[in-house]
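Thanks for coming, everyone. Let me put the model on the screen, and then we will walk through it.

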Amino acid sequence: MDQFLTLLEKLNLFSGIAREEIAPLYRRFGCYTTQYEKGAILWNRGDQVKAAGIVLSGCVQAEQNTADGVQRIVARHSAGSLFGDVLMSSQMQKSPVDIVACENTQVLFLPLVNIMGDSCGATEAQVRFRLNLLSEISDKYWALYRRISCLMAPSVRGRVARYLLHEREEQGSDSLQLSCTRENMAAQLCVNRSAMCRELGRMQREGLLILHRRTCTLCNISHLEAIAER
């Protein structure tokens, strides 16, 4: 595990915790690592999740099969990603997705019962870790809130406008660095990729934005806000 300390200390989950405190912390929490081969299932839809995971190497993805048999990728988590924390914290909720290793993968699991136990004798590092975990869960809640806000727009144009304005608020700039591909963006907005790309092209021709690879510069905020409110 010590070879992954450089990765762990960069995570928000370990913010404010000294490097030398990380290893004793995950030992005290009873954290454990598991290796998976490509295609292995970490947990199935309907399972109760008792431990969140940090991807140390490799990649996992959340998959969901629709009623007509189509497989949909809900989320993808690469090295350094925390997953399952919201499900772990809500002990009455069962997983709505399958978690599958996309490649040979190693995961560090964080058991909730150990993280929240021993409250009377909690060290400063333990308290900081718990606060960081709450912050992670809160961030995911607001990310979900923003996504739902986008999906409530009735048109592709409205969803795109809301998505871009949310990114502007998040990044604090009119020049956005888009972290996802067009395909992933369309999946997040639940729209057809071709229809979304056509709408982005129209918005660029109308002078609302400028697209260049993974950069999107917003040029007419007031007009975009009007579109988002429709």
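Start with pairing: two strands count as paired if DSSP finds at least two bridges between them. Strands (E, at least two residues) and helices (H or I, at least four) are DSSP runs, numbered from the N terminus. This is a predicted model, so local features need pLDDT of at least 70, side-chain atom pairs count only at pLDDT 80 or more, and totals for chains, interfaces and linings use all residues. Residues are numbered from 1 along each chain as its sequence is written, and side-chain values use heavy atoms, with hydrogens and water left out.

Now the sheet. Three strands form an open sheet in the order E9-E11-E10, with antiparallel pairing. Strand E9 (175-177) and E10 stand at the edges. Each has a single partner strand, so one side of each has no neighbour in the sheet. From one strand to the next, the twist averages 20°. For that angle, axes are lines fitted to C-alpha atoms, for helices over the stretch in contact, and angles run from 0 to 180 degrees between N-to-C directions. E9 and E11 pair in the antiparallel sense over three bridges. Which residue in E11 is the bridge partner of Leu176? Cys216 is.

Next, two backbone points. Most residues other than glycine have a negative phi. Arg213 has a positive phi of about 55°, although it is not a glycine. Arg213 lies in the loop between strand E10 (209-212) and strand E11 (215-218). Is Arg213 buried or exposed? Exposed, because its relative accessibility is 71%. The cut-offs: buried is under 20% relative accessible area, exposed is over 50%, and partly exposed is in between (1.4 Å probe, protein chains only). Cys190 also has a positive phi, near 55°. Cys190 sits in the loop between helix H7 (182-189) and H8. Its relative accessible area is 47%, so Cys190 counts as partly exposed.

On to charges. A salt bridge here is a side-chain nitrogen of Lys or Arg within 4 Å of a carboxyl oxygen of Asp or Glu. How many does a search of the whole structure find? Seven. One of them joins the side chains of Glu199 and Arg157, at 2.5 Å, N to O. That pair links distant parts of the chain. Glu199 is in helix H8 (residues 193-205), Arg157 is in helix H6 (residues 156-171), and they are 42 residues apart. Both Glu199 and Arg157 are buried; for Glu199, the relative accessible area is 8%.

Glu199 has another salt bridge, with Arg202, the closest N and O atoms being 3.1 Å apart. Both lie in helix H8, three residues apart, about one turn of the helix. Arg202 is partly exposed because its relative accessibility is 33%. A network of salt bridges links Arg157, Glu199, Arg202 and Glu206.

Arg168 and Asp174 form a salt bridge through their side chains, at 2.5 Å, N to O. Arg168, at 28% relative accessibility, is partly exposed. Asp174, at 33%, is partly exposed too.

Last, the cores. A nonpolar core is a set of buried Ala, Val, Leu, Ile, Met, Phe, Trp, Tyr and Cys residues joined through side-chain atoms within 4.5 Å. The largest has 41 residues, and those with the most contacts inside it include Leu8, Ile54 and Phe129. Strand E3 (residues 51-57) gives the largest share of this core, five residues. Apart from it lies another core, of 25 residues, among them Cys180, Ala186, Met203 and Leu218.
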